[in-house]
Structure formats: C-alpha cells, structure tokens
Amino acid sequence: MKFTTTTGELQRVLNKVSSVVPTKSTMPILENMLFDLLNNALTITATDLDISQTISLEVKGTEDGKIAIPSKRLLDTVRALPDTQVIFTIDTTTNKIKITTGNGEYNLTGENAKEFPSAPPFKSTEEITFESAVIKRIIQRTVFAVSTDELRPAMMGVLLQPKGNDLRAVSTDGHRLVKFTYKSEKPSGLKRDIIIPAKALNIVSKSIEGGEVKMSMNDTHVKFEFDKIMLVSRLIDETYPNYESVIPAENDKTMTVDREQMSSAVRRVALYASATTHQIKLGITKSALTVSAQDIDFGGEAKEKIECEYSSDDLDIGFNSGYLNDILSHLEAKQVTFKFSSPTRAGIVSPSGEKADEDVLMLVMPVRLNA
C-alpha cells in the first residue's frame with residue numbers, strides 16, 4: 001500500500017476524523033483509524049462503535065490496500081511537520097508503516113485492517129436535506145443544554161420532533177431547557193421523534209463547511225452526508241421526558257434587556273459569587289436591573305446596574321450564573337425578553353424580534369436566594 005499527499009490536507013482530514021476516536025477504550029483497535037486506499041481515493045474511518053465517521057481524501061495512489069493506523073501518534077506526527085509532501089509506504093503483511101518527507105523518515109506499526117470493526121449496514125427510511133447554515137443553527141442553539149448524566153440517557157441527546165411542516169429541536173439537562181423550532185413551508189421529511197446523541201451533533205457542527213447536508217434515518221441509526229464526509233450514529237432508544245409540562249404558561253412579568261450588556265454584567269459579577277453555588281441575584285425594578293453576587297465564605301461581593309424595560313412588581317430572583325450566561329450567549333438577538341412569575345418558578349428567555357423562519361424559547365431554573 002502506497003500513496004502520496006500533503007501534510008496540510010492530511011491534517012485537515014485527521015482533525016475531523018479523530019474527534020470520533022475514543023480516548024480510552026477496552027478495545028485497543030478503536031484507538032486506530034482505518035485507512036482504505038483505492039486508486040487515488042483514500043477513505044479514513046474512525047469509530048467508537050456508537051458513532052462512525054468516514055472522510056474521503058484525494059491522494060496520489062500507487063498501490064491499493066487497507067490498514068489501521070494509531071490515531072494519536074499519526075496525528076501528533078502530522079501536526080508537528082511543516083506543510084510538505086509526504087509519502088506513506090505500508091507493508092500490509094507486517095503492518096509496518098513508513099512515512100517519508102523531504103527531510104525525514106518516521107516508522108510506526110499499525111494493526112490488521114480485518115480487526116477494525118465494520119460499519120453496520122444502513123438502509124434509510126426517511127431523509128431530510130438541510131442547508132448547512134440551518135443544521136448548524138439548530139445544533140448550536142440546542143446542544144449546549146444537553147445533559148451529561150448517564151443515568152438519564154434520553155437527555156444526553158437532542159430531540160428532533162416533526163410539527164406539521166416545522167421541525168422542533170429540544171434539549172434539557174434539568175436546569176435549563178431549549179425549544180428551537182425551524183419553520184418551513186415544506187414538510188420536514190421526519191415522520192417520528194428521534195433523539196440524536198450530543199457527541200454526534202457536535203462532530204457534525206464542527207465538520208460542516210458549506211453546501212447541503214443530507215440526514216437519513218432508520219429505526220436505530222442516523223446518517224449525515226456532506227462534503228465527502230459520512231457520519232453514522234446510533235440513535236438514543238429512550239423516551240424523551242415531557243418537556244412541555246415544565247414550561248410555565250403563567251409567566252406574566254416581562255423584562256426586556258440588552259443581551260450583551262446583561263451577559264457582560266453576569267460574567268463580571270459572577271467572579272464574586274460562591275465557588276460552590278455560583279449564585280447571582282437579579283433585582284428587577286421598573287427603572288433598572290441590578291445583577292449582584294456575594295461570597296460569604298471569602299467576604300467578596302459585587303453588583304452592577306443596567307437599564308431594562310419592566311412594568312410589573314419588583315422581583316428578586318436567583319440563578320446559577322453559568323446556566324444563565326449559557327442561555328444568553330446562545331441567543332443572537334440584540335435584546336432578549338425574560339418572563340417571570342415568582343422567585344421559585346422557571347424563567348423563560350427568548351430573543352426580542354424572532355427571525356421569520358425560527359422560534360426560540362429557552363428556560364432556566366432559579367436557585368433559592370441566600371437568606
């Protein structure tokens with residue numbers, strides 16, 4: 001097996017594929033990437049058994065073959081090299097790999113390609129085609145609020161739900177919730193609810209560079225295809241919690257505020273919050289919003305006052321500063337609207353002035369204020 005390429009092109013592909021490779025695995029073969037050369041087409045595959053990603057790269061091939069190459073050592077080597085031509089000469093009988101550049105030679109040992117797990121057969125039952133900007137927007141608006149609690153596997157992914165012609169994406173970790181609806185004049189193509197793991201969506205979002213993205217589903221897996229990249233992920237086979245039941249309908253205290261001003265104030269004041277609770281207080285009056293924090297253990301405190309529009313009774317409510325700032329940083333509007341009911345009920349956040357093709361609702365749970 002032999003081929004020639006450039007370190008720059010190879011590094012671009014390896015950076016994307018390596019995001020699937022598990023850092024620790026009970027199956028050492030998974031710490032490798034499968035290289036499959038046919039004529040001048042090199043396909044590189046990585047898998048953690050739940051997610052598989054394959055990327056095609058055009059090279060100058062002289063001898064076809066397959067081999068599994070250690071991911072970390074190869075990527076570290078390619079990153080350390082300047083942008084130059086590189087020749088791979090591989091003996092698939094002994095699995096010995098020689099990497100040659102104009103000034104050096106690097107030798108490492110791979111694994112037999114037959115040991116690398118083969119991808120499961122995939123026959124789609126539903127398909128959706130997105131503009132890349134749309135699917136990136138859906139992912140970036142939702143995936144940050146996904147749970148990392150393995151005891152609640154359904155919440156470790158983003159729920160995609162057909163709503164007439166619209167497509168709804170939902171994520172929650174129990175502390176915050178995002179409901180993002182992409183509006184379309186045509187049916188979405190999705191016929192049922194599916195839950196896609198956050199890891200797969202993060203990889204897709206980072207890999208997309210433009211053009212269209214085709215998403216195909218069957219009973220157990222979802223496949224994304226774009227720009228010579230194919231990613232197949234197992235779906236989360238769980239029932240998503242009834243998220244509608246936690247969205248309060250009676251929040252009638254409305255505050256509108258400049259998003260960037262509030263986000264900046266929260267970040268600064270949070271430096272003086274308790275390292276344990278990360279609690280900040282929002283003091284809302286008809287004239288202003290006061291963001292404050294106090295660290296009783298170390299005697300620190302801070303507060304900032306910013307303008308807001310508010311016409312209801314004065315309200316003091318506490319939030320985890322990290323969760324609140326996550327919500328603010330994942331909205332793009334210049335101004336955001338908060339809806340409250342009481343200090344113990346969830347606050348609803350949405351952009352002031354929605355885009356025509358989307359509807360965004362974010363929810364953040366309050367924390368009990370220190371006495």
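Residues are numbered from 1 along each chain as its sequence is written, and side-chain values use heavy atoms, with hydrogens and water left out. Because the model is predicted, local features need pLDDT of at least 70 and side-chain atom pairs count only at pLDDT 80 or more, while totals for chains, interfaces and linings use all residues.

Helices (H or I, at least four residues) and strands (E, at least two) are DSSP runs, numbered from the N terminus. Buried means under 20% relative accessible area, exposed over 50% and partly exposed in between, with a 1.4 Å probe and protein chains only.

Leaving out residues up to four places away in sequence, Met-262 has contacts (heavy atoms within 4.5 Å) that include Met-255, Leu-282, Ile-306 and Phe-338.

Seven of the ten residues of helix 4 are buried, so the helix is largely enclosed by the rest of the structure. The buried ones are Ala-198, Ala-200, Leu-201, Ile-203, Val-204, Ser-205 and Ser-207.

**Strand 13**

Strand 13 (residues 176-182) has seven of its seven residues buried, so it is largely enclosed by the rest of the structure. Arg-176, Val-178, Phe-180 and Tyr-182 point one way from the strand, and Leu-177, Lys-179 and Thr-181 point the other way.

Two strands pair if DSSP finds at least two bridges between them. Strand 12 (residues 166-172) pairs with strand 13 in the antiparallel sense over six bridges, and Ser-171 stands opposite Val-178. Three residues lie between the strands of this hairpin, where Gly-174 takes a positive phi near 95°. Strand 13 also runs antiparallel to strand 26 (residues 358-364), joined by seven bridges.

Lys-179 in strand 13 has Leu-361 of strand 26 as its bridge partner. Lys-179 is buried yet has no salt bridge, which would need a side-chain nitrogen of Lys or Arg within 4 Å of a carboxyl oxygen of Asp or Glu. The nearest side chain of opposite charge is Glu-244, 4.1 Å away; Lys and Arg count as positive and Asp and Glu as negative, with His and the chain ends not counted.

**Aromatic pairs**

The whole structure contains five aromatic pairs. Rings of Phe, Tyr and Trp (its six-membered ring) pair if their centres lie within 6.5 Å; planes under 30 degrees apart count as stacked, over 60 as edge-to-face and the rest as tilted. Two of the pairs are tabulated.

| Pair | Centre distance | Plane angle | Class |
|---|---|---|---|
| Phe-3 and Phe-88 | 4.8 Å | 10° | stacked |
| Phe-338 and Phe-340 | 5.7 Å | 20° | stacked |

Phe-3 in strand 1 (residues 2-6) and Phe-88 in strand 7 (residues 85-91) are 85 residues apart, and their pair links distant parts of the chain. Both are buried, as are Phe-338 and Phe-340. Phe-3, Phe-35 and Phe-88 form one aromatic cluster.

**Loop residues with positive phi**

Asn-39 has a phi near 60° and is found in the loop between strand 2 (32-38) and strand 3 (41-47). At 53% relative accessibility, Asn-39 is exposed. Leu-49, with a positive phi of about 80°, is found in the loop between strand 3 and strand 4 (51-58). Leu-49 is partly exposed at 41%.
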